[in-house]
Amino acid sequence: MFVILERHPSNQIPRSTIEDIESLQERFFLLQRESVKQKIAHIFVLEGFASTGKGSILQSLTIRLDPRKFKVYSPYVDQSEDRGYPFLWNFWKVLPRYGEFLFYLNTYYSRLAYLRSQKKISLAEYDHRLLSILNTERILSKDKIIVHKFFLHISKKEQKKRLEDAKKKKKDWELSPYDKDQWEHYKRYFEIFDSILSSSRTIDSPWLVISSDKKEDSKLLVFDAILERLERTLGYDSKSNLQLINRGMELIP
């Protein structure tokens, strides 16, 4: 059974709908500040189908953060070459320092899916690269660099609608060859992502799969999940602390 069918418990009515987006962003800032204090780094893997709004979600996540303490890395999946280095070299070179946030948009998983779809690597090479990913994530998670993985799913019907809307608005120039390849071969990518997610779901770095047919709901769900995970990891109640700050008990720059 495809992993995407395993939805987040709050995928129906996210509790974050009772809060405005600015409150969620302030809480995320507090958790960033606490991560710096505890010297724990976090990598956020934003993965999924084309046209799921990953860029918009990333913008909402980062707009309030301290820019000195986070990085975004988003290579071109269809153009990323290893130049004689190991498969993950392009991603290793941007790893965060302790206490920093790193957001991967267009990740090593996308690269792997694209290469497999284009039949540019053998099954043996695919397995080798997937093992390299899992080993790297495990090593990082044991060394105060926690990997949070989110997969944004979209139905074929909704993806087609969004891509056609982009053409009508003359914004299809924003679509990469990777995006177009997904549109043309949705079923193939569905099967590839199914295989990747099933094989890379681990205790240290589990996947959270979120439906993105409704963009605003998916944004709230990602926020909700990230805040919950960081609060649990850091032992820090961002909501209560934000309420204290709003009552004037603490000042934030």
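I looked up Glu-125 and found it partly exposed, at 28% relative accessible area. (Buried is under 20% relative accessible area, exposed over 50%, partly exposed in between, with a 1.4 Å probe and protein chains only.) This is a predicted model; local features need pLDDT of at least 70, side-chain atom pairs count only at 80 or more, and totals for chains, interfaces and linings use all residues. Residues are numbered from 1 along each chain as its sequence is written, and side-chain values use heavy atoms, without hydrogens and water.

Next I checked the partner. Glu-125 forms a salt bridge with Arg-129, closest N and O atoms 2.8 Å apart. (A salt bridge puts a side-chain nitrogen of Lys or Arg within 4 Å of a carboxyl oxygen of Asp or Glu.) Both residues lie in helix H5, four residues apart, about one turn. (Helices, H or I of at least four residues, and strands, E of at least two, are DSSP runs numbered from the N terminus.) Arg-129 counts as buried at 11%.

I then took Lys-149 and Glu-137, which meet in a salt bridge at 2.9 Å, N to O. Lys-149 is in strand S4 and Glu-137 in helix H5, so the pair ties together parts 12 residues apart in sequence. Lys-149 is buried at 0%; Glu-137 is buried at 3%.

I searched the whole structure and got 11 salt bridges.

Last, I looked at Tyr-104. Beyond its neighbours within four places in sequence, Tyr-104 has contacts that include Ile-43, Val-45, Tyr-73 and Phe-91. (Contact means heavy atoms within 4.5 Å.)
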